[in-house]
Amino acid sequence: MLHTLSISELSAHLAARQVSSVELTRHFLARIERLNPALNAIITLTAEAALAAAAAADHRLAAGERGALLGIPVIHKDIFCTDGVRTSCGSRMLDNFIAPYDATVVARLKAAGAVMLGKANMDEFAMGSSNETSYYGSVKNPWDITRVPGGSSGGSAAATAARLAPYVTGTDTGGSIRQPAALTGVTGIKPTYGRVSRYGIVAFASSLDQAGVFAHSAADAAAVLEIMSGFDPLDSTSVDAPVPRYGAELAAPAAAGGPLAGLKIGLLREFFDGLEARNAALIHDALAVFRSLGATTREVSLPHLPLSVPTYYVVAPAECSSNLSRFDGVRFGYRCAQPKDLLDLYKRSRGEGFGAEVKRRIMTGTYVLSAGYFDAYYLKAQKVRRLITDDFRTAFESVDLVIGPTTPTPAFKLGAKLEDPVTMYLNDIYTIGANLAGLPGMSVPCGFVDDLPMGLQLIGPHFAEGKLLNAAHRFQQATDWHAHAPRGYE
Amino acid sequence: MADWEVVIGLEIHAQLATRSKIFSGAATAYGAPPNSQASLVDLAYPGVLPVLNAEAVRMAVKFGLAIGATVAPRSVFARKNYFYPDLPKGYQISQYELPVVSRGRLTVLLDDGVSKTIGITRAHLEEDAGKSLHEGLANASGIDLNRAGTPLLEIVSEPDMRSAKEAVAYMKKVHTLVRYLDICDGNMQEGSFRCDANVSVRPRGREKFGTRAEIKNLNSFRFVEKAIHYEVARQIDLLESGGKVIQETRLYDSDKDETRSMRSKEEANDYRYFPDPDLLPVVIDDEFIATVRRTLPELPDEKAARFERDLGLSAYDAGVLSAGRELAAYFEAVLAELGTAHAKLAANWVMGELSSALNRENLEVSESRVSPARFSQLLARIVDATISGKIAKDVFEALWSGSQSADEIIDAQGLRQITDSGAIGTVIDAVIAANPKQLADYRSGKDKLFGFFVGQVMKATGGKANPAQLNELLKAKLGGGP
């Protein structure tokens, strides 16, 4: 079946004209129509444009052009601006917003011949860990539709797990790719801050936001990341450094001592404090696999990491409170009916256009930046952020990568944490550190607890995406956790 | 009644003359149809990001070097958060804790000839906001975002000025400087150069500053002077009648010539400044500074000092001729033809006839109807005694209104000075013969009649007699007198 093939297999099929891009596109569109209603993972379907793009890709293929993603379908998280297509960011505020331009990520993939099928549901403005804050309703986890898929890229993760597309884009501000990837049993990578352009991504927390990808394997993720990455003059924080050929690194022949010979892996001590025994056991099983592949493991400590959640919940809201000021009902987006004056326009447009979690964070962010509180909150959080970054730097002096669980628990029930924001925030306890330090992080499936998938997290030094992908790829060659599909979506 | 001392600090906003905006590629030209020069970045569309215009940084550094300031090796853009319809992002990108330029100074020459140094606390880069339009719209306000994102250099002085005159002198000095540096067109009608004035008063001798009021958006030197005068009087009246000045923002109404309260400190926004995470710190190294330093022109103070030292001009003349880059260039172009030995003559003519002709027609120096070359030929004819200074004024008017050269005008109108002693003597003899009574009076001691005879001879020669020769010959022929 076409949806079980890897990106390289699909690419080979297309190149050999065994299947056309139009056929491939129709196949996934049919799956979306059949499977999405129960999941609510896709909130905008662009079938007509997809078929036109597929036909165009078929012409390029017929003309002899080849490309890793040419003619292969994709779904974009609805945080990426897509020219002429609604870009809602999961919010009523942007329910009527048709983006007039493509985000750089979208443009790069489009140029590579990717065929966009539609846009994925998400937590409102990427604020949430369960995809329950979306204006378009919650997304269901394909492994158990009474459970959440994680967030904020919950629609992207669920769509990937349900094989609605070979790969799906996402963004990760505090774990929004890795946490849902773990909870839906797929592979997800958030690259180094600055590796992928933020231009055209509706901003949540600018110093933390980074785009990445969900796929069925590290090899597939590598193929996509190679095209998404690279310097963008439109994003001052994007880094002007060459993009390695990730795919080539994965294909390199194994060394004598095993494919990961010489790789030093650090086990994050702080990630195991209070972790349930069955979850911890899966991580230790994974470690054994890595050792069998030639890697050495040792324990490392990041003493300031337990402060990452409170630090994040100062920095991210502070930035979001400012980033979301542009949604004022004046130029685009939601505008309240018949405002009686300017203040009324502001108050009601924002009051009616934003959901509860977004408002909570705007309030928190406004507070921590206010005169008299700035030093105690924002400035102190920046100092702790520096300490966490230094902890990682120290750790990477003795190891190449650090690993641990992606989340404390498997997917929880819909509604279970909605009324308790702090418990919800703690779900990102393992993922936030990489964002604060700007490091690349990845989650790969590593087993099941109560028939629900769990994720193994890998974090590397800045620009070590190649190392992460390679380690994950060798792990996936030795295991088959990533190949499991939820029942009904095989 | 107490003796009050006035304390003034200015925040000058100079619009930098870059072609594109500070964070987007949109053009900065003035007067385009509303919103025709606003890109997605200027409109703050979701997902867009600012990219710093390097030219704006270069201009800021140029200014910093010109005022002897410290140029920060690392400066940071910050967000100033507040809601207003003409502020599309809901925040203004500015610099807060780490400005690009700090601790500079400028020396101003006051009317009484005393010079005074005004400290400049800082100069930072920021973006301008758009404009709200209310005219011609029924029950609605329009927003024009053409100006949004235009680069500004905000130049903040120390509270060093002690009168409205000092404030105006300082503002004029900055105005001159930014135009010299070619970083701002200085057009005050279009808002390219405007200021906010912080004004307070205190009993003379007291060290502690009084409570200040900030008068916003003054866009002419005259308004600065009048607004400060009004504000000082208001504060003194208030204090002398037992009241208190409150810290507030005020607006100057030029029609009524008064300042009015806009908002008090209590109503002031909490701007929640924090470093803009979309922009990297601006890193400026020594090499960049050296490159910019090489582009600095001779600055007004240096030029004035040179005019005094090398050309022998008075401090006043040197100051006037160096105050505008174009005027100085005109003066120097004239000297290049005429020779520096005649600098004083050239200075008098540039500041006299030329300036009044320009003022009369409200023209800039660059628009002068008489080029430096034509002008210097006229002056050369004074130097070589072809015409007198008096005749030269008539020739200048002919130069101004026509296209002929000075020599052509002199020849065509027969204005060449009579330097033949014999010819002048013949006229003097005739005048003396025709006025025996005046001659007798003169000889009996009425010295003042000498002028009468000069006038008669000039009249008879059509003003062309060489004045020095005339004086000498007349004195000899009248004899007997003083």
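Two residues are in contact if their C-beta atoms, placed from the backbone, lie within 7 Å. This is a predicted model, where local features need pLDDT of at least 70, side-chain atom pairs count only at pLDDT 80 or more, and totals for chains, interfaces and linings use all residues. Residues are numbered from 1 along each chain as its sequence is written, while chains are lettered from A and ligands numbered from 1 in the order in which they are written.

**Exercise 1.** Find what share of the contacts in chain A with a separation of 6 or more joins residues 24 or more positions apart.

*Solution.* Take the contacts in chain A with a separation of 6 or more; residues 24 or more positions apart make up 76% of them.

**Exercise 2.** Describe the build of chain A.

*Solution.* Start with the elements: chain A has 16 helices and 11 strands (DSSP runs, H or I of at least four residues for helices and E of at least two for strands, numbered from the N terminus). Next, the radius of gyration, taken over C-alpha atoms, is 21 Å for chain A, close to the 23 Å of the globule rule for 490 residues, so chain A is as compact as a globular protein of that length. That rule is 2.2 Å times the number of residues to the power 0.38.

**Exercise 3.** Work out which parts of chain A meet chain B.

*Solution.* First, the contact takes 36 residues from chain A and 25 residues from chain B. Then look for elements of chain A that give two or more residues: they are α10 (308-323), α11 (342-353) and α12 (356-369). Finally, α10(A) gives the largest share, three residues.
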